[in-house]
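Open the model in your viewer and keep the sequence panel beside it. This tour goes from one selection to the next and says what is there.

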Amino acid sequence: MKISIVQSEKKILPFYQKAAMEYDKRLSRYCKMDTPSSISKKQQEKQDCLPIHVICNSPTISSEEFAIHLSDYTIQGYSHLIFLLDKSMSCQIPSSCETFSLCEGSLSYDLACVLLREQIYRCFRILNNEPYHK
C-alpha cells in the first residue's frame, strides 16, 4: 500500500518535523510513504487511488474503526491512499472524497501532520495484532 500525505506547508517546526520523521520511519515497515506538496486532480482520480480529506472540528471515530476503514479500502481495491491535509486545497478536493476527522477541536497544522501519521501507524499496529504501546 502507498500512502501520500499532501502537505502544502513544507516547513513545519523542528520538534514536529522530528516526530513526523519518526512516524514515517515506523510506517515504512507497513507501507510506502511520501509527502508531496501538491497532487494533481488527475492523480486523485486514478482507479486505485482514494483521496481522503483530513478535517478537524468534527466528530471522530475510534482507532479500531479507522483501522477497519483502512482494511476495507484495500479490500475495495485501493492501493494508494491520499490524505489531503491543507485547508487551502478545499477547492481541489473532489466531492466524492472520503473524510476523516482527527479531533473534535482545532489543531495547528504542524500538530495535525504528526497526529495523522500517529493514527495511521496505530491502525497498522491494530490490523497486525501488534501492541501499540511498548
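The model is predicted.

Now show the whole of both helices: α1 covers residues 14–27 and α4 covers residues 109–127. How are two packed helices described? The angle between their axes and the distance between the axes are used. For α1 and α4 the angle is about 20 degrees and the axes are 9 Å apart. Angles under 35 degrees count as roughly parallel, and α1 and α4 are therefore roughly parallel to each other. The crossing of α1 past α4 is left-handed.

Select Y121, which lies in helix α4. Is Y121 buried or exposed? Its relative accessible area is 6%, and buried means under 20%, so Y121 is buried. Next, display what surrounds Y121: leaving aside neighbours within four places in sequence, it is in contact with Y23, R26, L27, Y30 and Y132. Then pick the C-alpha atoms of Y121 and R29; they are separated by 9.8 Å, although the two residues are 92 residues apart along the chain.

To see the contact, select S63, E64, F66, A67, L70 and S71 of α3 together with Q119, I120, R122, C123, I126 and L127 of α4. These residues divide into seven nonpolar, three polar and two charged.

**Last stop: the whole protein.** Four helices and five strands are present, and along the sequence they follow the pattern β-α-β-α-β-α-β-β-α. The C-alpha atoms fill a box of roughly 40 × 35 × 30 Å along the principal axes. What radius of gyration would a compact globule with 134 residues have? It would be near 14 Å, and the protein has 14 Å, which agrees. Of the 134 residues, 41% count as buried. Among contacts with a separation of 6 or more, 88% are between residues 24 or more positions apart.

Technical notes: Residues numbered from 1 in each chain as written. Predicted model: local features only at pLDDT ≥ 70, side-chain atom pairs only at ≥ 80, totals over all residues. Heavy atoms only, no water. Axes fitted to C-alpha atoms, helices over the stretch in contact; angles between N-to-C directions. Helix = DSSP H or I, 4+ residues; strand = E, 2+ residues; numbered from the N terminus. Parallel < 35°, antiparallel > 145°, perpendicular 65-115°, else oblique. Left-handed = near helix turned anticlockwise from the far one by under 90°. Rg over C-alpha atoms; globule rule 2.2 N^0.38 Å. Buried < 20%, exposed > 50% of the residue type's maximum accessible area, 1.4 Å probe, protein only. Contact = heavy atoms within 4.5 Å. Nonpolar A, V, L, I, M, F, W, Y, C, P; charged D, E, K, R; others polar.
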